[in-house]
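Me: Please take a close look at a single part of this structure, the sheet and what surrounds its strands, and take me through the pairing with some care.

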Amino acid sequence: MISMKHSSEEVDPDDPSKWILESIAIDQMVDVPINEGTQNTATKTLNRSNSSLRKRNGVQAGSAVKMGRLASGATRGIRSLRFLDRTVTGKEADAWKSVDKRFNQHSVDGKLPRDKFGACIGMAGDSKDFAGELFDALARRRNVHVENGITEDELRMFWEDMSNRDMESRLQIFFDMCDKNGDGKLSEDEVKEVIVLSASANKLANLKQQAAAYAALIMEELDPDHLGYIEMWQLETLLREMVSIEESDVKLAKKTQTLTRAMLPKKYRTPVSRFLSQSAERIHENWKRIWVITLWIAINLGLFVWKFCQYRNRGAFKVMGYCLCCAKGAAETLKFNMALILLPVCRRTLTQLRSSFLSYLIPFDDNINFHKIIACAIAIGTYVHVIMHLTCDFPRLISCPKSEFILILGSGFDYDQPGYLDLVASIPGVTGILMILIMAFSFTLATRYFRKSVVKLPAPFHHLAGFNSFWYAHHLLVLVYILLVIHGYFLFLTKDWQKKTTWMYVMVPVLFYASERTYTVISESNHRVDIIKAIIYTGNVLALYMSKPAGFKYKSGMYLFVKCPNISNFEWHPFSITSAPGDDYLSVHIRTLGDWTSELKNKFAQACEPQNTQARRGNLVRMETRANPSSNYEYSQASYPRILIKGPFGAPAQNFKKYDILLLIGLGIGATPFISILKDLLNNIKPNSSAGSIHDHPSGFSPTPVEHKKGPERAYFYWVTREQGSFEWFKGVMDDVAEYDHNHVIEMHNYLTSVYEEGDARSALIAMVQKLQHAKNGVDVVSESRIRTHFSRPNWKKVFSQLATTHESSRIGVFYCGSPTLTKPLKELCQEFSSNSSTRFHFHKENF
């Protein structure tokens, strides 16, 4: 020890090696017991208890070493326990201005009442009761009489206490909030009350019901001597353990980022080489899209220029000039695009082509995006064509001298010069106006604002928003194709039928699309399925388990269309398949978001009965029905709504097996495409056994023997939801992953956004309960599965950084299904970490 100290004195005081040696010396003095035995342990415990009591009485005592330990704990605790959001912590001076402003809004006669305290400090809504208890604790702490409310100065004192950067002070406030009688001891009932408040603030109804059991769990852990109470130092011990875990995660994240930067390839180290390399990678990643779009643009330009030059050399050019050339050039691109726009929505054909060699050349996953791009080109072509005719060609035509008109254009108009209204009222004019009106109506209802019911219309027009309006309005485009052929046949300047090429453009695509739709109608009788089981979960989710039609083969990640004739004979709605290809049934999970899905849920609700909630502690209430396999099977099927399906249809996620690693990200009901993939991977992991019955598995997971095929080495599934009841949808799958995935091929991360992030005082006790329950029983208190739930939202940059470090030189397929708001950030992270590491991330988004 002396030699080490002597050597440390010989170096510069700023030398990091000295800090390391001093740190080692302190650890030996404080944490390593000199004498072994129970006496030493009891002495340490007593000292901690006395220290806690001294702190409660305002006495500052203790050795220098002890104070050093507390200071270190306080520094770590700044991140571990807070009463304000992270956006406020560290900016208290600026935040106080907003609080002061709200005080003026909510105060009465210069005093803020207790029930307005939460709204004033930013704890409104479900945190109102929690804020009230915090208000009482701060009042006891400051000896303030609050019967009539608090003044602005008293609110400032409360604010300073909550924003105090000292861990001990914040911990004391939290303890005082739990300790209502102020005796310095927390009873089981007091712990239970705080758990109930925390559960209410975090919208955890199920945890609220089990508050008594979880309070007993905390007492069992922190009160091993069964004294009937716990003290602050015991609560502090548990908090510090949680802080140390958080610190290790932060250090690991920093280390991971450092390693990721260390892996930076040489070609990215200079700005010029980085730009060139990134450009080359973007081209390599998007080369399929690039060549398809380039070819499409080239064809459009070629057709425009060809028709432009053709009319540039005609006699009509002398009368109408370049306006006619532009109008005819735009019309030629319209014919081509009106024919092409049908091909990306031929789903059955595209599903077959996905498995062919063409999938290496054509990005079939972008079919809907390409469909939208073509629609935009049609809108632009229509605008140019109409504007050129109405503002230029027609005025020049009617103002042309009659002698010149008869000489040049007389044969095209039966030698009768028309007026402006005559041109508009002609067959080409009327059909053109009708096409514009129908297309404008259909295109408007196809926008996201109308299709997703973002826009709210008044009562007479509210039915124009929603998927049904979009679906039916798109079928009006059949009339547009009929009008287009008529419009193109009755041309003024062209009389030869072989030169009227509109029907030639659209004939093949229209027949091809019509054959697909006709095939579906003819074979509709083969799409009938029997309902094996239907479950209505909390959160308005309907799970349908159906018989699997003969010859119905699909891949994980695909989707199918569902129709219920009891609701509508025309509406088909797409849903992801949540069963695995090896299962002997089909399943879909349907979130009730519109009129059709709500009506479907109501139809099945009439045939469902509430499940016995006593079978399992804390089970969320759900309604379930099962088909009776007895002689009354046909009768029981008749009582259920009739269900028809068509499919399966291809989706981006079906190609998951071509990647080394999978990153599956689902938001809410967006988890459904990936459940089938997880089940498929589980079928390969689970030991072969005889095919099970779906009735034996509440999750709908039946073990069937499948062939072991090469697939991803690892799968990471991130499920982010805002409702606790959502975890009930796929609880069985989560339990199966925990039970059978001994090699950790599947790593699941559940995030509940309704719970305040770790470190917030409103979720502190919930985090404690979760840690204790999972350690003792292996069950998560939020999802009630074996997969532990995280609070708030994932740090996506941290997720990508860890994957880049863990799986160097791997191809990671990132599959996302959820809100469009997260699409761009995830895509940018894929590009960033593909450029900054040897790992390649390939982003895919689910589109219907």
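Reply: Two strands are said to pair here if DSSP finds at least two bridges between them, and with that cut-off in hand the sheet of this predicted model can be read strand by strand. Strand β1, which covers residues 528-529, pairs with β9 in the antiparallel sense over 2 bridges, and within that pairing V529 stands opposite I643 of β9.

Taken together, 4 strands form an open sheet in the order β1-β9-β4-β5, with antiparallel pairing. The edges are held by β1 and by β5 (573-576), each of which pairs on one side only. Helix α18, residues 347-354, packs on this sheet and touches both β4 and β9, its direction making about 40 degrees with that of β9.

As for β9 itself, which spans residues 643-649, the strand is mostly covered, since 7 of its 7 residues are buried; buried here stands for under 20% relative accessible area.

Leaving aside residues up to four places away in sequence, I218 touches V191, I195, D223, I230, L765, V769 and L772.

Methods:
Residues numbered from 1 in each chain as written. Predicted model: local features only at pLDDT ≥ 70, side-chain atom pairs only at ≥ 80, totals over all residues. Heavy atoms only, no water. Contact = heavy atoms within 4.5 Å. Buried < 20%, exposed > 50% of the residue type's maximum accessible area, 1.4 Å probe, protein only. Axes fitted to C-alpha atoms, helices over the stretch in contact; angles between N-to-C directions.
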